[in-house]
Amino acid sequence: MTESTLREANFPQVKPPTLRTATPSAPEGQGGNLQNKPRATGATRPPETQKPSPDTTSDKATAAFIRRTLCAHNVLLGNGEKGRNTPRPIDEVLPPLTSSNEVDLQLYAIIAVIIKEFVQTWYSKITPDHVFVNEVIQIIAHCTRALEQRLRKVDLEAVILDEIPGLIEAHVSAFRLAQQQAQYHHSLVSDPRTVYHTLHPHPALSPVPSEYVPSSVVEQRENESVWRQLLVQGVLAVLLPTEDLENGCLRALVAEIFAEMILGNGISDKACEGWLLWEAITRIAEVLQDASKGADSLSKDARRAPEQTLSRLERYGLLAPSSLGGSTEPGKPLLPNKRRHGGGPWSTMFWVVVQYAFLACNAMRAVIIGFATSSSSPPRSGTAASGQSPVEASRQSHLPHMEHPTSRRPLALKRPIVSMKLWSCTSRLIGLELRMPWLSGCLSLLHWGVLAGPGRVGDTDHVLDRFLSHTMRMHVLNPAFVPILLRTVRATLFPNNTLGPPRKTPNVEEARLIKRRCAATLLGLLPGSVAAIFFASENSALQMVQMEELLECLDDAYLNKHLIFQIVELIVVRLVPELGERGVRELLEERL
């Protein structure tokens, strides 16, 4: 660190004696011979003198980047920054985005990258002031605070476990049906895109683009652009304050940033590509593999600890341990390690049974403790999961009780977690009904038992339902994971807090390799015996082929847009339920 600092400051470097004698002398000047000596080349430079790459994802580096990008004008104007030994925290300089400072730090880092790359590149050429940037930040802060308040009223468990898996299940079913119809010899339609779009039409993806009809490609792109603008304009019509909503220029610019840069370039053009989705699945699987390998390494280290006290000869059975009787007799041969320790098939079976019994006892203990504590856990969120928006619920609350008796029982209409679409989506995705119909039937019988059996433990707000809800809040919906997720997204999309170079779209062969790697990573998550039973083969090549067949539902980017757009619309309607009841023109006329 000291050498790199001195080198950057152009200070003279004193070489070791061995290097000093080997270096030829140069003509001396007034500054001394040390300043005129040639610098060491990259080939002779020791590796420890290389400057390490800075960590741009740390909180300190992130705060410095935000301060340079969004708060530089505060230093110039003297707004409490100049003359301070320590700079003011970000939450004191910029308006709060959410109720968490950690989340605000990561959000402001993403906003700073977007403003630096897409706004300041052309706005700084017009004027040096920061009034427009400050207004954009104020608008974003107002929208994020309003979205946070609306997010607290959304039943996230129903969205994540029921509604989004339902869309994925419908996508997988329609994709496989379209492929079957296209391969059928007597089918009237041979294009799977047409069959899929007929089953799941979307206005932004109409008409189906075809290379034989070039006008259809242009028309579909125009419809998609209009859909993005309507979606963003509708959200802004609800969330923006009235004075900002009346500023048409500012509203159009903010809508253009969100509609084209985020929805257009980020989601429509990149996130819908099959190879990118496979890479995302691969990264998630690699994280799970690293976590499992870490747990295995800890257990192996714990088992190796007693062996570290023995010598190498004692560990491999070439020398009797000193604790078991000292040295062996001179004429007595050494016994094999397995016989000396009394190993045998019955002993091995005994320890296997003991190990599985221990695991079963620990699992039963965890389940009992979970069920015991679930009774004291709070009930599930009060937002209805029956497709009823908060606006509809507020309207029905003002109606007479005689007209809508069912509106007074939102909890009775909530779907239990064991009945949500997550389980059927998983079964449909892996083809459980075709591969193992007996297991699918057993699971259906177990599902009926927990819902209609003794105690109805799986019904809404019962023991099993509360236990699953509590587990979901602790391990998936934990607010502590939000800053980590935002930091990972920023490091992936904007490496070193800059807009990375556009990635070259992989060709067919490269996409096939990405898909194969994803399949191999997913196979690595399964134990060998489980994979052999599920795929009905111990051949790894056949298992790989079947896993790739399961990933074929993400091959076509146009079909993936149907799924991604539906997920985006679902999230927007849950956060802004007014868009599900009135059009954008009606909302704008009401506000303006």
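Helices (H or I, at least four residues) and strands (E, at least two) are DSSP runs, numbered from the N terminus. The model is predicted: local features need pLDDT of at least 70, side-chain atom pairs count only at pLDDT 80 or more, and totals for chains, interfaces and linings use all residues. Residues are numbered from 1 along each chain as its sequence is written, and side-chain values use heavy atoms, with hydrogens and water left out.

**View A. Gln220 and Gln229 in helix H12.** Both Gln220 and Gln229 lie in helix H12. Gln220 has 5% relative accessibility and so counts as buried, where buried means under 20% relative accessible area, exposed over 50%, and partly exposed in between (1.4 Å probe, protein chains only). The side chain of Gln220 reaches the backbone oxygen of Ala204 at 3.2 Å. This is a polar contact, that is, a pair of N or O atoms within 3.5 Å; within protein, one must be able to donate a hydrogen and the other to accept it, and residues adjacent in sequence count only if both atoms are side-chain atoms. Gln229 is partly exposed, with a relative accessible area of 21%. Its C-alpha atom is separated by 9.5 Å from that of Leu263, 34 residues apart along the chain.

View B. Ser206 and Pro207 are joined by a cis peptide bond, with omega about -5°. Pro207 is found in the loop between helix H11 (192-199) and H12.

View C. Two packed helices are described by the angle between their axes and the distance between the axes. Axes are lines fitted to C-alpha atoms, for helices over the stretch in contact, and angles run from 0 to 180 degrees between N-to-C directions. Helix H12 (residues 214-239) and helix H30 (residues 584-591) pack at about 30°, with axes 9 Å apart. H12 is therefore roughly parallel to H30; angles under 35 degrees count as roughly parallel, over 145 as roughly antiparallel, 65 to 115 as roughly perpendicular and the rest as oblique. For helix H7 (residues 101-118) and helix H25 (residues 481-493), the axes come within 9 Å and cross at roughly 15°, so H7 and H25 are also roughly parallel to each other. The crossing is left-handed for H12 and H30 and for H7 and H25; left-handed means that the near helix is turned anticlockwise from the far one by less than a right angle, and right-handed clockwise.

**View D. The kinked helix H10.** A kink of about 30° in H10 is centred on Pro165; the bend at a residue is the angle between axes fitted to the seven residues ending there and the seven starting there. The 28 residues of H10 (residues 156-183) should span 40 Å at 1.5 Å a residue, and the end C-alpha atoms are 39 Å apart, which agrees. The expected span is 1.5 Å times one less than the number of residues.

**View E. Helix H29 and its start.** Of the 19 residues of H29, 15 are buried, so H29 is largely enclosed by the rest of the structure. At its start, a side-chain oxygen of Asp556 reaches to within 3.0 Å of the backbone nitrogen of Tyr558.

**View F. Positive phi in two loops.** Arg456, in the loop between helix H23 (437-452) and helix H24 (463-475), has a positive phi of about 45° although it is not a glycine. Asn496, in the loop between H25 and helix H26 (508-525), has phi near 60°. Arg456 counts as partly exposed at 42% relative accessibility, whereas Asn496 counts as exposed at 54%.
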